[in-house]
Number of protein chains: 2
Amino acid sequence: MTQRATLNSVAEAAAVSRQTVSNVINSPEVVSPETRERVLEAIQRLGYRPHTAARQLRTTRSQIIGLRIAPVGNGVSGVVLDQFLHSLTATAEEYEHRIMLFTATDDESETRAYADLIASVGVDAFVLTHTHHDDLRTRWLRERELPFVTFGRPWGAEQEHPWVDVDGARGTRLATDHLVRQGHRRIAFVGWPTGSETGDDRRAGWSAGLAEAGIPERREAAVFDGVEGGRSAAARLLDEPLAPTAFVCASDSLALGVVGELRDRGLRLGADASVIGFDDTPTAAVLGLSSVAQPIAEVAAECVRQLRVMLRGEPGPASALLPPRLVLRTT
Amino acid sequence: MTQRATLNSVAEAAAVSRQTVSNVINSPEVVSPETRERVLEAIQRLGYRPHTAARQLRTTRSQIIGLRIAPVGNGVSGVVLDQFLHSLTATAEEYEHRIMLFTATDDESETRAYADLIASVGVDAFVLTHTHHDDLRTRWLRERELPFVTFGRPWGAEQEHPWVDVDGARGTRLATDHLVRQGHRRIAFVGWPTGSETGDDRRAGWSAGLAEAGIPERREAAVFDGVEGGRSAAARLLDEPLAPTAFVCASDSLALGVVGELRDRGLRLGADASVIGFDDTPTAAVLGLSSVAQPIAEVAAECVRQLRVMLRGEPGPASALLPPRLVLRTT
DNA sequence: TACGTCGATTGGATCGATCAAACCAGGTCC
DNA sequence: GGACCTGGTTTGATCGATCCAATCGACGTA
């Protein structure tokens with residue numbers, strides 16, 4: 001460990017030029033098998049690892065992917081992003097890419113952070129989360145033709161760019177279908193006020209499920225995310241004549257509120273009423289709540305795949321809408 | 001944006017040599033005020049940002065801090081690390097440092113990752129979490145005299161190194177004292193089996209609190225972490241004669257289990273029994289559970305401070321044991 | 001006048017890699 | 001025999017910064 005192994009020291013050890021060593025690493029096919037073998041042996045023996053900073057200086061490629069880490073929201077669904085972070089790091093590592101974190105307070109400061117990271121660190125690409133209507137960030141990145149993927153669809157539709165997302169409607173549809181199969185007919189939806197793209201999407205799946213089952217009624221409540229919201233929504237719905245027997249919720253937080261209200265009224269989960277949440281958070285898991293799980297590892301893998309396609313300079317890769325799955329816990 | 005601004009282009013624009021520009025950035029005091037002003041203006045105008053890879057190549061300093069991102073555990077306390085991650089990134093940014101993530105499956109693979117990151121990326125320092133008895137990683141890093149801090153004390157005590165931690169005993173002590181002031185006398189502790197350093201520490205605070213209050217009995221249960229564990233622990237304790245009226249728990253998961261069991265027995269939280277968890281997770285927040293909160297932002301800031309001291313080459317900085325605070329929710 | 005000092009600035013070498021072009025057998029083709 | 005490939009390898013220049021030694025002009029001093 002006395003001295004770092006460099007291309008030169010390896011070259012000397014293998015009695016070839018540094019360029020040949022470089023070739024062994026970057027385009028092995030141009031090197032004759034015998035020398036290649038000898039060089040590889042030297043690399044092994046000296047424990048040589050290419051120095052990314054030096055490489056970057058010449059190639060202008062850092063192999064670094066930037067990701068903004070969002071402040072931990074008050075909800076319990078923050079874990080989803082945490083899982084995403086882990087999966088993304090793991091997948092990126094398989095391809096010798098690294099994840100670098102940064103913070104930002106809003107869209108505009110985030111674009112400033114992009115500029116900074118590109119100029120100073122030379123970040124190759126970005127992964128964005130929390131896409132929303134009229135997203136400043138995607139516009140900014142597109143204008144500069146910088147590679148990026150979003151975890152979340154380009155909701156405005158005026159923007160075209162590679163993305164990966166989970167089919168929320170399909171998730172609530174799965175939940176609704178399951179409840180229908182269990183014999184439920186009065187299935188309510190507890191969601192957010194219209195206007196939130198993700199929320200509207202999730203509502204659509206429930207609505208379509210009921211339509212398919214030939215159920216005309218639409219019992220629903222729109223509240224802000226949180227346990228209290230879920231609780232009051234449930235209270236309102238349960239007070240109506242012919243109260244619902246099942247609840248499909250747009251989030252685990254809402255579902256927790258519903259469960260709380262049910263419990264307070266002496267209704268047993270599973271026996272008297274069913275509740276299905278969204279995101280399959282650890283909280284849902286520990287409380288035995290059924291929930292729709294997003295395939296986070298697959299989302300991360302797909303993000304990395306798309307970035308790699310773009311970094312190779314190939315045309316815009318196909319975006320992906322992945323199916324969630326239903327995790328059943330209470331019977 | 002046609003061409004990247006470099007030291008040379010700035011130098012040309014300001015009609016000085018590149019070294020002078022470099023001096024303006026790195027040791028402004030050696031440059032005369034007039035030229036400094038002129039150079040700063042040129043930097044501003046061209047939007048120059050030093051290229052870290054080039055700098056690193058010469059200085060062998062990358063300004064990058066490595067952090068292993070742990071797979072999301074099954075518990076709800078994973079968020080604590082998530083918060084830590086955010087705070088760490090934010091604090092590091094203030095000092096022009098960056099956080100780079102990596103994964104590892106165990107101590108040994110983590111040390112391999114260190115070696116890799118140092119050789120290829122040239123990471124300056126590491127932040128470790130989840131320290132434990134006989135920690136391979138800290139030994140490995142110390143042997144090579146690499147800068148690092150741990151979030152967590154060096155439990156074995158055979159190891160000496162900079163660390164930051166939260167005083168768990170003080171946290172449970174706060175909780176216990178609060179319950180005593182509320183008039184409780186039968187205060188149980190729900191924790192983990194002995195042998196877990198963190199767990200033993202948290203138990204100690206509770207025990208000391210009771211001693212101070214002159215309460216001899218030690219009602220307690222040791223179970224594995226999780227809601228089920230908390231529930232069964234509560235059941236056992238409540239079945240004994242003279243059941244406890246309050247519970248201090250080693251984690252929010254355990255506390256949630258206790259709350260569940262209380263509810264099942266028709267006992268009202270606050271009125272009939274009090275429960276205090278640990279970690280102040282969002283789950284605790286949404287369910288209205290009191291909990292001991294770790295000062296995560298301060299921990300992160302202290303980690304960065306210590307690393308900076310070490311990177312300046314100064315002798316080992318003083319480690320810090322930070323006090324948690326009690327977050328009261330149910331009355 | 002010559003010389004040493006000192007603050008401010010400059011020029012060349014260097015970090016470790018890749019790029020681009022040159023080089024060098026040995027063989028093919030007319 | 002000379003021109004032309006071709007696969008394998010080497011050499012010199014370069015990316016953008018910092019290190020280090022040298023230079024320069026102004027000034028005080030013998």
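This is a predicted model: local features need pLDDT of at least 70, side-chain atom pairs count only at pLDDT 80 or more; totals for chains, interfaces and linings use all residues.
Residues are numbered from 1 along each chain as its sequence is written, and chains are lettered from A and ligands numbered from 1 in the order in which they are written.

Helix H6 of chain B covers residues 107–120, and its 14 residues reach 20 Å from the first C-alpha to the last, close to the 20 Å expected at 1.5 Å a residue (the expected span being 1.5 Å times one less than the number of residues). Helices here are DSSP runs of H or I with at least four residues, strands are runs of E with at least two, and both are numbered from the N terminus. The buried residues of H6(B) are B:Ala113, B:Tyr114 and B:Leu117, where buried means that 20 or more other C-beta atoms lie within 10 Å of a residue's own, exposed means 12 or fewer, and partly exposed lies in between, with C-beta atoms placed from the backbone. These three residues lie on the same side of H6(B), because they cover an arc of only 110° around the axis, an arc taken from the directions that run from the helix axis to the C-beta atoms. An α-helix has 3.6 residues a turn, so residues three or four places apart point the same way. On the face of H6(B) turned away from the buried side are the exposed residues B:Glu108, B:Ser109 and B:Arg112.

The buried residues of H6(B) pack against strands E1 (64–68), E2 (98–102) and E3 (125–129) and against helix H7 (136–143), in chain B. Of the five residues of E1(B), four are buried, so that this strand is mostly covered. E1(B) pairs with E2(B) in the parallel sense over five bridges, and B:Arg68 stands opposite B:Phe102 in E2(B); strands are said to pair if DSSP finds at least two bridges between them. E1(B) also pairs in the parallel sense with E3(B), over three bridges, and there the bridge partner of B:Ile65 is B:Ala125.

Strand E2 also takes part in the meeting of the two chains. Three bridges join strand E2 (residues 98–102) of chain A to E2(B), and the two run antiparallel, with A:Leu101 opposite B:Ile99. Between the chains, 45 residues of chain B are in contact with 45 residues of chain A, contact meaning that the C-beta atoms of two residues, placed from the backbone, lie within 7 Å. On the side of chain B that touches chain A, H4, H5 (78–94), E2, H6, H11 (252–264) and H12 (282–287) each supply at least two residues, and H5(B) gives the most, with nine residues. By class, that side has 24 nonpolar, 16 polar and five charged residues, where Ala, Val, Leu, Ile, Met, Phe, Trp, Tyr, Cys and Pro count as nonpolar, Asp, Glu, Lys and Arg as charged, and the others, Gly among them, as polar.

The DNA comes next. DNA strand C is surrounded by 25 residues, of which A:Thr6, A:Ser22, A:Ala54, B:Ser17 and B:Thr35 are the closest; a residue counts as near if its C-beta atom, placed from the backbone, lies within 6 Å of the strand. Helices H2 (18–26) and H4 (52–59) of chain A, together with H2 (18–26) and H4 (52–59) of chain B, each supply at least two residues of this surface, which divides into nine nonpolar, 11 polar and five charged residues. Around DNA strand D there are 26 residues, and A:Ser17, A:Gln19, B:Thr6, B:Ser22 and B:Ala54 come nearest. The surface near DNA strand D has nine nonpolar, 11 polar and six charged residues.

Two loop residues deserve a separate look. Most residues other than glycine have a negative phi. A:Glu145, however, has a positive phi near 55°; this residue lies in the loop between helix H7 (136–143) and strand E4 (148–151) of chain A and is exposed, with 6 other C-beta atoms within 10 Å. B:Asp280 likewise has a positive phi, of about 50°, and is found in the loop between strand E9 (274–278) and H12 of chain B, but B:Asp280 counts as buried, with 26 C-beta neighbours inside 10 Å.
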